[in-house]
Amino acid sequence: MAVTWLDDVRSTDVGTVGGKAASLGELTAAGLPVPPGFVVTAGTYRTFIEEAGIDDELFEAVEVDSEDSAALAEAHERAHELIMETPFPEEVKTEIIESYREVGDGEAFVAVRSSATAEDLPDASFAGQQETFLNVTEEDLLQRVKECWASLFSQRAIYYRNQKGFPHHEVDIAVVVQQMVDAEKSGVMFTSHPSTGEKRIIIEAAWGLGEAVVSGSVSPDNYVVDRESGEVETVTVADKKVMCVKDPDTGHTEEVEVPEEKRNERVISDEEIGELVELGEIVEDHYDTPQDVEWAIFEGEVYMLQSRPITTIDDSEIEDGADVESGVTNGTGGGSDHAGGEGKVILRGLGASPGIASGNARLVSKLDHLDQVAEGDIIVTEMTTPDMVPAMKRAAGIVTDEGGMTSHAAIVSRELGVPAVVGTGSGSRELPDGRTITIDGDKGTIREGGEREEKQRQPVEDARPTTPVKPMTATEVKVNVSIPEAAERAAATGADGVGLLRIEHMVLSLGKTPERYIEEYGADAFIEEIVDGVRGVAEEFYPRPVRVRTLDAPTDEFRQLEGGEDEPEEHNPMMGYRGIRRSLDKPDVFEKELAAFNQLFEMGYDNLEVMFPLVNDAEDVRKARNHLEKAGIDPELRRWGVMIETPAAALQVEEMAEVGIDFASFGTNDLTQYTLAVDRNNGNVSDRFDELHPAVLELIGQTIEDCRELGVDTSICGQAGSKPKMVQFLVEQGVSSISANIDAVRDVQHEAKRVEQRLIMDTVR
């Protein structure tokens, strides 16, 4: 039999029908309201490739180095070609079509969903790896089934299996064919608190089909229910701008604007919440573990579309919740929950990355000293460079002579979850190598001796929010990422995406200027370095958006690299040859960056967005757009935009919008220094650096207002986006999104929600 009905499927059938179908079968067997459907079994796929004689060639084609983008693309194309060009056996075609005709009297719109046998596993979710097609009819059904099979060998799927160590020949794929629910409202439900396991049900709801909620294209309403009392504890009504609906003429799913009168209307009633809670409790009791459930409502009926276990609950979080809430990150060398410490303060600097860590000071004055840094040591250096990142990952803490909150050491330390004290002035001269010290990344102090041992935390788990799901806000809260190594920790915050992914750290870590690297190793190697770095972040966040900024490094940073002797000498590199002006002046390197982005798009990473730094006017933007098109990137299809870092850019945003930008993102570090004439790297005037200066705020506020009228999204990715006062100002002005540092995401989410609720209350008082 090529087909089995969901009524006959159980959880023990994962090897036959895959994880998704097995879950739907369990829900059906439990008497829950699941839309009817059937499964084209994994055995049918396996028989198809074996009897056609394409199995050996198929698996041989995908045995490639997944770090080689060209080989990966070729593998995908060959696998797709083999499956799509091999005809269906007649008996299989007949059985699938006859089964379809039993669903909804043969005229139903159905969802065709991949259900791989390696899916929704505790250590490998494989989320989003294979295809799903909605509103399919008999005419396209067989083609969609084969496309689901072929999606087992998408570039992303091949890469992911290689990363997780799953042999390609051991993974099969089934296909669920299920009657569509033309949802009027839909969403997700967590049957218990997803971090602590508390008996609270979290429901997210939006208008239309659930794809808008799952993909993150809409901020849904959020409802929190106490399961013990049945009381609805909180109701957060979001501004729901878009919804997914079925086009009545074509049957295709399309994204449309929510009618004005429904944008701020509550989606589900207390009665509907009660029904969802009742069903959620049945699901959790059935599986005997908390569940993440997708649901839909049509004509007053609630349907369960999918259920999977919540894997983020950790029993230890309940015991340690208070420590996690405090935001203290204890270093490898031991940490403490007390602020004082026994040792005498021997040095002070700027607390740049929070937490307390003890360890042996390890002086690094040359790159060949990095091998001497052991797990738990504290790196002491004049200033860090991209080459030091591997050692920084091993270290318990970082101390530098130079730098501020926006220095390489500060940014990377925060992203890695490593405590850091920067700008000590003389740490590398005053701290003897091997001396045991304790650093406080909150207070900026360095004490002699060690700190008493306490239970330690992992940086990734420390970044994971302990509050329910996330505070639902109309303002998206994203995260800044500087190095690919921080992607997992950044994703654990529950952010809505990446508002800024810098590629300069990837490029600078090559140890050579781009020109010298291309000269010695070739253009393909340079492109590959960018692809590899960006892909790790895009994969970790998929399908949440990842905004990648093209190269923006000043000449003094390039001068430290091999080949840097050709860089111009500049009195103030921050105002010199950097950002888009360098890219347009050296288009050879710029085009390689864009070629890397185009490769990533072709590999299926459609969550990437391209951002150009340090633009001044529409002419800069027009030239950059031309390069996008030359690289094969369609600016009408892909989202792209600019950074607002100069007063000129803020004043010229209307003209830039006419060129076609989708978004404008404030870089407050540069906008502040250019507005106030304060070099942010100059300690003599650092006390005058103020992102909340009225002049800076006026530029930001006016730009947000202009962009709203122009239909251009606005965001902030500068350091100030992590500050409560700036968050308050931005939300009040109506900014589209805020991108915060990893350690600040949860606080920004709460602050944005608080401001939004106050604004709502102000309108009704």
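Asp377 is buried (under 20% relative accessible area, with over 50% counted as exposed and the range in between as partly exposed, using a 1.4 Å probe and protein chains only), its relative accessible area being 5%. This is a predicted model, in which local features need pLDDT of at least 70 and side-chain atom pairs count only at pLDDT 80 or more, while totals for chains, interfaces and linings use all residues. Residues are numbered from 1 along each chain as its sequence is written, and side-chain values use heavy atoms, with hydrogens and water left out.

**Salt bridges**

The structure holds 39 salt bridges, each defined as a side-chain nitrogen of Lys or Arg within 4 Å of a carboxyl oxygen of Asp or Glu. Three of these pairs are set out below.

| Pair | N to O distance | Relative accessibility |
|---|---|---|
| Arg362 and Asp377 | 3.2 Å | Arg362 15%; Asp377 5% |
| Glu90 and Lys93 | 3.5 Å | Glu90 51%; Lys93 28% |
| Arg758 and Glu732 | 2.5 Å | Arg758 29%; Glu732 40% |

The partner of Asp377 is Arg362, and Arg362 is likewise buried. Their pairing links distant parts of the chain, 15 residues apart: Arg362 belongs to strand β16 (residues 356–364), and Asp377 to the loop between β16 and β17 (378–381). Helices (H or I, at least four residues) and strands (E, at least two) are DSSP runs, numbered from the N terminus.

Glu90 and Lys93 both lie in helix α5 (residues 90–101), three residues apart, or about one turn of the helix. Glu90 counts as exposed, whereas Lys93 is partly exposed.

Arg758 and Glu732 are both partly exposed. Elsewhere, a network of salt bridges links Lys512, Arg516, Glu520, Glu562 and Glu565.

**Packing of α27 and α28**

Helix α28 (residues 724–733) also packs with helix α27 (residues 694–710), at an angle of about 30° and with the axes 10 Å apart. The two helices are therefore roughly parallel, a term for angles under 35 degrees. The axes are lines fitted to C-alpha atoms over the stretch in contact, and angles run from 0 to 180 degrees between N-to-C directions. The crossing of α27 past α28 is right-handed. Leu697, Ile700, Gly701, Ile704 and Arg708 of α27 make the contact with Met726, Phe729, Leu730 and Gln733 of α28, where contact means heavy atoms within 4.5 Å. By class, the contact residues comprise six nonpolar, two polar and one charged.

Methods: Angles under 35 degrees count as roughly parallel, over 145 as roughly antiparallel, 65 to 115 as roughly perpendicular and the rest as oblique. A crossing is left-handed if the near helix is turned anticlockwise from the far one by less than a right angle, and right-handed if clockwise. Ala, Val, Leu, Ile, Met, Phe, Trp, Tyr, Cys and Pro count as nonpolar, Asp, Glu, Lys and Arg as charged, and the others, Gly among them, as polar.
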